[in-house]
Amino acid sequence: MAERPKGFGMTAELQAKKAAKRDTTLENQARDWMKAVSGESFPAGSYEEALKDGVYLCKVINKLQPGSVPKINTVKMGFMLMENINNFLDACARYGVPKADLFQTTELYEAESTHPVTATIHALGRQAYKNGYDGPVIGQ
């Protein structure tokens, strides 16, 4: 497989555009909110690495709506991890998060962009408030 040059041409432009969308303040708010809701520490590693397997996301939605994701896959096989992410997204939709606010599975699994992932977590936090959740509020 051919190696893509880093830092040249369109590759560099796309990387710069992706980096410009990343907002670490919003990521930290999402991280803090998920820690408070789940009652568990945030997984080690970078933001996207910590969420890539979908396990933590499933635990968060299960705290907001118990049983939303009845089976969380812990086996580190690609299709199982993607299934966790899909189960989280389906549970968010059932919880009332607008489909337009949901990220695409590959955006997280392949670490294409963290911005849509963070936006989904913030949308979930807003929906939790609308649904009467009286726990922590995202962004505070």
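A residue counts as buried when its relative accessible area is under 20%, as exposed when over 50%, and as partly exposed in between, using a 1.4 Å probe and protein chains only. By this criterion T118 is buried, with a relative accessible area of 5%. The model is predicted: local features need pLDDT of at least 70, side-chain atom pairs count only at pLDDT 80 or more, and totals for chains, interfaces and linings use all residues. Residues are numbered from 1 along each chain as its sequence is written, and side-chain values use heavy atoms, with hydrogens and water left out.

**Confidence**

- The mean pLDDT of the chain (the predictor's confidence in each residue, from 0 to 100) is 88, and 84% of the residues score at least 70.
- Among the elements of the chain, the highest mean pLDDT, 98, belongs to helix 4, and the lowest, 59, to helix 1 (residues 9-21); helices (H or I, at least four residues) and strands (E, at least two) are DSSP runs numbered from the N terminus.

**Helix 4 with helix 7**

- Helix 4 (residues 55-64) packs with helix 7 at an angle of about 10°, and their axes are 11 Å apart; axes are lines fitted to C-alpha atoms, for helices over the stretch in contact, and angles run from 0 to 180 degrees between N-to-C directions.
- The two helices, helix 4 and helix 7, are therefore roughly parallel (angles under 35 degrees; over 145 is roughly antiparallel, 65 to 115 roughly perpendicular and the rest oblique).
- L57, V60, I61 and L64 of helix 4 meet I121, L124 and A128 of helix 7, where contact means heavy atoms within 4.5 Å.
- This contact of helix 4 with helix 7 comprises seven nonpolar, no polar and no charged residues; Ala, Val, Leu, Ile, Met, Phe, Trp, Tyr, Cys and Pro count as nonpolar, Asp, Glu, Lys and Arg as charged, and the others, Gly among them, as polar.

**Helix 5 with helix 7**

- Helix 5 (residues 78-95) and helix 7 (residues 115-130) pack at about 35°, with axes 10 Å apart.
- On helix 5 the contact involves F88, L89, C92 and Y95, and on helix 7 it involves T120, L124, Q127 and A128.
- Six residues of the contact of helix 5 with helix 7 are nonpolar, two are polar and none is charged.

- T118 lies in helix 7 and, leaving aside neighbours within four places in sequence, contacts L26, E27, A30 and Y47.
- T114 is placed in the loop between helix 6 (105-109) and helix 7, and T114 is buried, with a relative accessible area of 10%.
- Not counting residues up to four places away in sequence, T114 touches R22, E27, Y47 and E48.
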